[in-house]
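Here is a short briefing to read alongside the model. Let's walk through a sheet, a ligand site and a pair of helices.

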Amino acid sequence: MELAKGNLKQAVLWEPAEDKKVRCKLCNWRCLIADGKLGQCCVRKNIDGTLYSLNYNKVCSANPDPIEKKPLFHFQPGSQSFSIACVGCNFRCEFCQNWQISQAAVEEGRIDGQPISPETIVESAVRYDCKSIAYTYTEPTIFMELCNDSGLLAKQRGLTNVFVSNGYMTREAIDFASDWLNGINVDLKSFNDDYYKRLCKTRLQPVLDTISYIAKETDIWLEVTTLIVPDENDSEDELKKLADFIVTKAGPDVPWHISRFHPQYKYLDSVPTPISTLERAYQIGKSAGLHYVYLGNVPGAKSESTFCYKCGRILIERVGYRIAANHIENSHCPDCRTKIAGFEL
Ligand code: SF4
């Protein structure tokens with residue numbers, strides 16, 4: 001990769017097309033972009049027949065977080081993850097909780113942030129005693145160039161790398177990152193294409209394809225999150241379809257995080273998800289055969305903790321994002337010796 005056009009970074013994963021257009025292959029929009037125009041994410045621009053990233057030097061968040069906050073519950077539990085984001089997104093979710101940074105490029109054409117080099121990101125992670133770097137808060141796919149440069153350096157320093165993603169990346173993008181990407185939490189927002197079209201302005205199938213592909217074809221540790229929005233994706237039928245999909249296409253060991261919705265951004269005429277709905281979803285997930293189901297945004301809930309799916313023993317006791325105790329012994333339940341899936345448990 002090379003720097004050019006001032007401080008812009010030449011993009012990865014694109015190809016030239018007719019009339020100085022370019023085809024971006026990073027996410028499933030697969031934008032065909034005319035000379036001088038932007039892609040759907042508004043942070044990739046065709047300049048004279050070459051695609052550039054506009055947000056490579058625009059880091060808008062950089063701080064250590066518990067890995068549990070991503071959420072990743074079976075990945076280096078109890079560790080800190082140095083978490084970075086650049087402005088922009090390829091989704092338009094009406095209830096986005098980070099809309100100030102994800103939608104600024106779309107709504108106002110602003111790409112705010114500061115240049116932080118991959119070397120500085122990795123040094124900061126080491127200084128804060130982090131085990132990993134998380135590309136999070138906005139969609140990491142659309143700042144893949146920085147993820148790649150930082151990810152490769154982090155790997156050299158013995159750190160891991162994780163994504164928190166909407167799952168809209170292409171297979172080419174997953175393959176591109178697979179050398180240094182160790183873990184990912186993918187949002188599966190609904191099992192209804194109409195939901196994705198209406199509330200996120202995208203489609204369901206590419207997200208399903210991403211989850212299946214990562215689970216079956218890569219070594220990347222996978223967890224899945226579903227935000228339960230009242231009257232939108234909380235029917236018995238839809239929750240069963242979500243849980244069945246994860247069990248059959250990703251496997252029973254993939255943790256499912258069921259997260260509580262709070263009114264946000266443009267989606268304000270709703271109530272927070274009732275706890276009873278979340279508990280119903282939890283039961284549906286367990287009945288479908290998932291080994292690990294968690295409730296998110298419900299501080300103090302028993303189902304924040306990890307239990308052995310065979311004997312029921314508590315394995316990781318969580319209080320919010322804090323680990324109160326980890327009883328797992330060498331990736332096994334200390335009582336019945338069942339193997340507990342995860343990355344460096
Ligand atoms: S990352 Fe996605 S939305 Fe952005 S230009 Fe590429 S294909 Fe389009």
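In which order do the three strands of the open sheet lie? The order is β3-β4-β5, with antiparallel pairing, in this predicted model.

- Strand β4 covers residues 22–24 and is joined to β5 by two bridges, the two strands running antiparallel.
- Across from V22 you will find I33, which belongs to β5.

**The ligand site**
- Look for the ligand in the largest cavity, which is where it sits.
- The residues around the ligand include the cysteines C24, C27, C31 and C41.
- Also around the ligand are L26, W29, R30, I33, G39, Q40, R44 and I142.
- By class, this shell has eight nonpolar residues, along with two polar and two charged ones.

- Helix α7 (residues 205–217) packs with helix α8 (residues 236–250) at an angle of about 35°, and their axes are 9 Å apart.
- On the α7 side, the contact is made by L208, I211, S212, A215 and K216.
- F245, T248, K249 and A250 make the contact from α8.
- Sorted by class, the residues of this α7–α8 contact are five nonpolar, two polar and two charged.

Note on methods
Residues are numbered from 1 along each chain as its sequence is written. This is a predicted model: local features need pLDDT of at least 70, side-chain atom pairs count only at pLDDT 80 or more; totals for chains, interfaces and linings use all residues. Side-chain values use heavy atoms; hydrogens and water are left out. A residue is near a molecule or strand if one of its heavy atoms lies within 4 Å of it. On a 1 Å grid over the protein atoms alone, a cavity is a set of points where a 1.4 Å probe fits but cannot get out, and a pocket is an open set with protein on both sides within 12 Å along at least five of seven lines; lining residues have an atom within 4 Å of a point. A molecule sits in a cavity or pocket if more than half of its atoms lie within 2 Å of its grid points. Ala, Val, Leu, Ile, Met, Phe, Trp, Tyr, Cys and Pro count as nonpolar, Asp, Glu, Lys and Arg as charged, and the others, Gly among them, as polar. Two strands pair if DSSP finds at least two bridges between them. Helices (H or I, at least four residues) and strands (E, at least two) are DSSP runs, numbered from the N terminus. Axes are lines fitted to C-alpha atoms, for helices over the stretch in contact, and angles run from 0 to 180 degrees between N-to-C directions. Contact means heavy atoms within 4.5 Å.
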